[in-house]
Amino acid sequence: MSNDVIQACNLSKVFQLEGTDVNAFTDISLSIARSQMVAIMGPSGSGKSTLLHVMGGIEPPTSGEIRIDGANVADLDDQALTLLRRRKIGFVFQSFNLVPTLSVIENVTLPLILDGVSARESEPRAILQLDRVGLSHRLRHLPSQLSGGEQQRVAIARALVINPSLILADEPTGNLDSVRGREITRLLCDVAHSGLQTVVVVTHDIRVASQADRLIVLLDGRIRYDGRPGTDAEWMAALKLEIDG
Amino acid sequence: MIPWSFSWNNLRLRPLRTLLTVLSIAGGVASVVAVLQAIAATRVQLDAMQEMLGERESLEIVANDKSAFPLNELPDLSQFTGVQKTIPIFRVFTKILLGNEEARGIALGANLEEYLSGKEFTLVSGQVPRTANEVCLEESVAEHLHAKAGDEIRIGARGLPWLLTKQVTGILKFEKMTAVEETASIFMPMADAARLGKAPGKATSLQVLLKPEADADEVSDVIQRTLQPPLVVNEPASAADMTRPTEAIINIGLNVAALLSVVAAVFIVINTFQISVTERRKQTALIRIVGATTDQVGASMYREAFVLGSIGTVAGIIFGVLGSAAISRGMDGIYGFDRPLTIPIHPLAIVAGLIFGPIVTLIAVWYPTRLACEQRPLAVLKSASAPHREFPVRRTMLWGSILLATSLALFACTARKIMPDVTSILGISLVQIAGVVFLPGLIRPIAAALYFFIGRAYPVEAQLGHRQLLDNFGRTSLTISVMFIVSGTSISVGNTTLAITHDVQSWLDRTLTANYLLRASKPRVDMSEAEPLSPELAAEVRAIPGVESIDPVAFSLASIDGISATLMSRDLTGPEPLPVDLVEGQYSGLRAKMMAGEAVVGSVLAHRLGVQSGGEIRLEIGGITHVLPLAGIVREYTAGGLMVIMDSTAAAELFPVQPAQIFGIKATASATIATGEQLQQFSRKHGLIYQSYNDLKELVQSLILGLTDRLWMILILALVIAGFAIVNTLTMNVIEQTRYLGLLRVVGMTRAQVIRMFLFQAFVLGSLALLPGAIIGVVMAWLITVSYAGVIEHGVKFAINFPLLGLYLAAGVLLSVLSAVLPAIRAGRLKPLDAIHQE
């Protein structure tokens with residue numbers, strides 16, 4: 001098994017917007033190793049979310065090649081891609097995207113149920129993950145009865161329950177206050193450092209990025225920085241200046 | 001005021017939602033317009049059929065003793081209100097000869113131009129006789145004689161010592177019901193027929209055509225008072241009598257369908273707006289946050305609804321008119337009208353559509369708008385889902401009970417004659433509406449049962465689909481209500497109509513035991529004017545190989561308490577089961593009673609006389625009256641059910657009955673086609689009419705059973721409305737649940753699983769509606785049978801038609817699932833990323 005969970009080569013993505021080609025990102029090549037937390041930063045429209053979606057197999061690249069956990073996305077049909085997502089990738093969204101009519105435990109078991117795992121097996125697995133995110137006492141609550149931070153923790157538990165190779169988080173702290181945001185960031189770091197799971201986080205928040213093992217900065221659809229994030233205030237200020245232009 | 005551009009963008013940027021909303025309104029309006037148009041069209045056609053069947057000749061004056069009477073002794077009938085015109089007619093039995101061929105039949109004399117103007121016929125060749133000594137022949141008689149226009153034939157009549165020579169000027173072919181009812185074989189001017197019957201200046205009957213608005217009973221009473229015995233006024237029996245029960249039930253069905261189409265349409269439109277407004281709750285909250293008042297939001301919603309309602313109404317009227325035209329064409333096909341009936345656009349239907357569309361749209365948008373405005377905007381924006389409202393099951397149960405009690409009160413009032421029969425229609429509709437109100441209480445148990453079974457095969461799809469249906473309880477209730485209404489109505493009308501046709505079939509099987517029929521002439525529908533068969537012929541028939549027995553049947557005109565009837569006398573001594581279909585009384589001991597002189601009467605006659613089995617009737621034939629005990633009431637469709645049946649020996653001892661006019665011939669088990677062919681040859685040789693059992697069965701079925709085709713049309717129309725409701729609801733489900741579906745796809749639900757989930761939902765929706773719909777349909781069918789026992793005088797028994805139920809349930813569930821295919825595929829094709837980014 002390759003040590004890289006993502007291998008991208010010359011990836012480009014072009015959108016058609018009212019007849020005009022809009023480049024989301026161009027000619028990106030990168031590899032992401034297992035058990036890392038990688039942050040992707042960049043200004044709005046830099047292509048970071050699109051890159052995340054391409055890594056997750058929910059958006060095909062226009063050109064180039066991407067392998068997710070060894071599988072070439074171009075070789076997979078919709079069914080195979082769906083199964084790849086179901087078994088290898090966990091998603092965490094800015095707006096949580098929990099099913100409002102399902103309880104906490106039902107939301108977390110959903111990917112397992114979809115995979116045909118029995119309730120007898122899926123519920124303990126879900127409880128384990130909910131315990132990990134500190135919500136095992138809210139199993140029967142509906143999402144509307146939880147705070148934003150709690151909802152995001154449920155979303156992380158849902159992503160974790162399938163024991164994925166890759167967790168993709170799109171602005172996971174964007175809808176949270178700083179305290180809750182820090183909790184979520186810490187949780188994602190723990191996930192990345194406690195097993196074989198890789199966490200890729202798209203964020204605007206330098207404090208989140210600074211917790212990552214690796215930082216990729218996108219500007220105008222191209223990688224401007226790829227390395228370890230600095231931790232001192234001067235470094236962060238320079239990065240912010242670079243990103244804000 | 002919220003600018004128009006806001007509303008316009010709402011409609012423009014969500015084209016599918018806009019289209020579905022318009023289509024829902026159009027569908028609702030179209031169903032109302034189509035049903036009203038179809039009712040108007042059906043009534044026009046029923047009237048046309050009645051006319052075709054003989055209702056036009058509303059009355060006839062005849063002599064009680066069947067003798068010819070002088071026309072100049074009659075009063076001037078044109079002076080009576082309601083009389084349109086009169087046509088004197090002379091009928092006489094005749095023998096027709098051409099070369100070596102001979103035929104027997106009735107010669108009819110009249111002003112042929114007037115007489116034939118009301119008949120469905122084709123002039124196969126030549127022309128209608130205009131002068132003396134000219135005749136035209138009925139096609140089958142001409143074929144039998146090998147006669148053609150221009151030939152000279154000879155005709156004779158009983159008591160006339162010589163034959164008269166006439167020239168054939170034309171050959172007539174009667175069509176449709178006229179072919180059944182027209183009994184004459186040869187047509188000639190009035191004076192010629194009267195001379196043939198040795199009664200110049202006289203007539204055997206006077207047809208009295210009534211004006212459309214005339215009351216036949218009133219005119220009959222007035223004319224009867226001016227007549228001297230033996231002249232009487234009769235309402236001639238016609239084939240219409242045979243179709244009347246089915247027409248009655250069709251009318252009931254149409255009335256119920258009209259009322260329920262409105263209810264179904266209201267449900268469809270309300271359902272659509274409920275979904276549409278709920279889907280936009282965040283947008284509504286947002287514009288309220290930026291400063292719109294609830295009045296402004298409401299006004300904007302009403303404005304959009306009005307625009308959509310107007311477009312939907314216009315489209316619906318067009319669809320409705322086109323749909324009803326298609327139905328009318330279908331019915332033309334069924335009845336085989338030669339001149340296609342042009343059904344004009346019915347103004348009432350259009351006006352109903354114009355009023356219905358906008359009003360129902362505004363009512364439909366009112367409640368969800370009120371709810372949307374009541375919610376706190378910030379809470380809506382923060383919440384991911386629509387607020388969960390507990391469905392008021394207990395309150396709906398209370399309303400259902402009130403409705404049920406009201407409908408029972410209406411039935412009680414109708415039964416006690418406090419209210420007219422038509423009130424029952426309202427009662428029947430209320431029973432179904434009560435069923436609709438009770439329906440939500442059944443959703444959870446039935447859905448759970450279905451989930452239990454299907455969940456074994458597809459646990460994921462079943463679990464999620466089941467969950468969605470219950471989470472959207474209100475919408476599920478509305479959707480199944482539409483299907484419940486149409487399925488209940490269809491099954492009730494279908495079950496009742498099939499009960500009637502089954503009744504006819506049972507009567508045919510029980511009473512028509514002969515394999516072949518031989519008769520000397522075509523009888524009238526009331527079986528009068530049938531020429532007797534010579535007893536010597538019976539011996540010859542018996543000699544034909546394969547003939548087992550002969551049942552000589554005689555018909556005599558009779559009267560009971562002033563009601564004209566026909567006595568059918570048959571030889572009941574044989575070992576075969578009695579050829580009567582009892583609806584009251586016992587078969588045990590019946591033969592002995594009838595051979596001892598007791599009679600049985602048709603249920604229609606019993607109903608009109610108000611007699612029951614075990615009672616008595618005062619039967620008068622040829623001036624002789626006897627009081628006879630009634631051994632039973634029988635199902636009888638011959639002569640419109642106005643029939644008395646007696647054993648021929650017993651009848652001959654009491655009354656001057658006619659000799660046998662029909663030989664019912666039973667063949668041995670070993671009889672072959674050759675027996676039928678020999679009987680045909682025999683009938684040709686003696687100028688008799690030959691009919692096989694199948695011929696007669698087809699004849700009756702063409703009259704009554706053919707009407708069931710109309711039933712299938714109503715059922716198909718109902719299923720289409722139900723299918724539309726499912727397509728509409730599930731497509732709206734896809735739109736509303738786009739984000740949820742996107743999420744499911746992101747976390748690993750395959751397209752096939754999404755599609756199966758929707759198909760499961762459709763299956764459950766169909767079953768939730770159709771199973772209770774079938775039960776309420778059967779209850780309604782029973783109520784129709786009980787409530788209209790007075791209208792459907794044949795006393796049709798209620799019976800559940802299980803094949804109909806099974807077929808309808810299977811077709812309904814299949815249609816439900818098929819209706820879901822497109823929405824399901826659309827859901828499966830959603831791009832996960834686009835979907836989760838949608839509000």
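**Entry 1: a pair of side chains in chain A**

I started with a polar contact of 2.8 Å, which joins the side chains of A:Glu150 and A:Arg138. A reminder to myself: I am reading a predicted model here. Next I asked which element holds A:Glu150. I found A:Glu150 in helix 5 of chain A, which covers residues 148–160.

Is A:Glu150 buried or exposed? I looked up its relative accessibility and got 15%. Buried means under 20%, so A:Glu150 counts as buried at that value. I then listed what A:Glu150 touches, leaving aside its neighbours within four places in sequence. The list holds A:Leu135 and A:Arg138, and A:Arg138 is the partner from the polar contact I began with.

**Entry 2: chain A as a whole**

I stepped back to take in the chain around that helix. Chain A has eight helices and 10 strands. It runs to 245 residues, and 54% of them are buried. I also checked how far apart in sequence the contacting residues lie. Taking contacts in chain A between residues at least 6 apart in sequence, I see that 71% join residues at least 24 apart. For the surface, I noted that chain A exposes about 10,500 Å², with 48% of that supplied by carbon and sulfur atoms.

**Entry 3: where chain A meets chain B**

On to the other chain. How many residues does each chain bring to the contact? I read off 26 residues from chain A and 23 residues from chain B. The size of an interface is often given as the accessible area lost when the parts come together, so I looked that up too. Chains A and B bury about 2,200 Å² between them, and 63% of this is on carbon and sulfur atoms.

I have three salt bridges between chain A and chain B. One of the pairs I opened is B:Arg745 with A:Asp78, a salt bridge whose closest N and O atoms are 3.0 Å apart.

Which helices of chain A supply at least two residues each to the side that touches chain B? I noted helix 2 (78–88) and helix 3 (104–114). Helix 2 gives the most to that side, with six residues. Last, I sorted the residues of chain A's touching side by type: 12 are nonpolar, eight are polar and six are charged.

Conventions:
Residues numbered from 1 in each chain as written. Chains lettered and ligands numbered in written order. Predicted model: local features only at pLDDT ≥ 70, side-chain atom pairs only at ≥ 80, totals over all residues. Heavy atoms only, no water. Contact = heavy atoms within 4.5 Å. Buried area = accessible area lost by both parts, 1.4 Å probe. Salt bridge = Lys/Arg side-chain N within 4 Å of Asp/Glu carboxyl O. Helix = DSSP H or I, 4+ residues; strand = E, 2+ residues; numbered from the N terminus. Nonpolar A, V, L, I, M, F, W, Y, C, P; charged D, E, K, R; others polar. Buried < 20%, exposed > 50% of the residue type's maximum accessible area, 1.4 Å probe, protein only. Polar contact = N/O pair within 3.5 Å; in protein donor to acceptor, adjacent residues only side chain to side chain. Areas by Shrake-Rupley, 256 points an atom, 1.4 Å probe, with all protein chains shown as cover.
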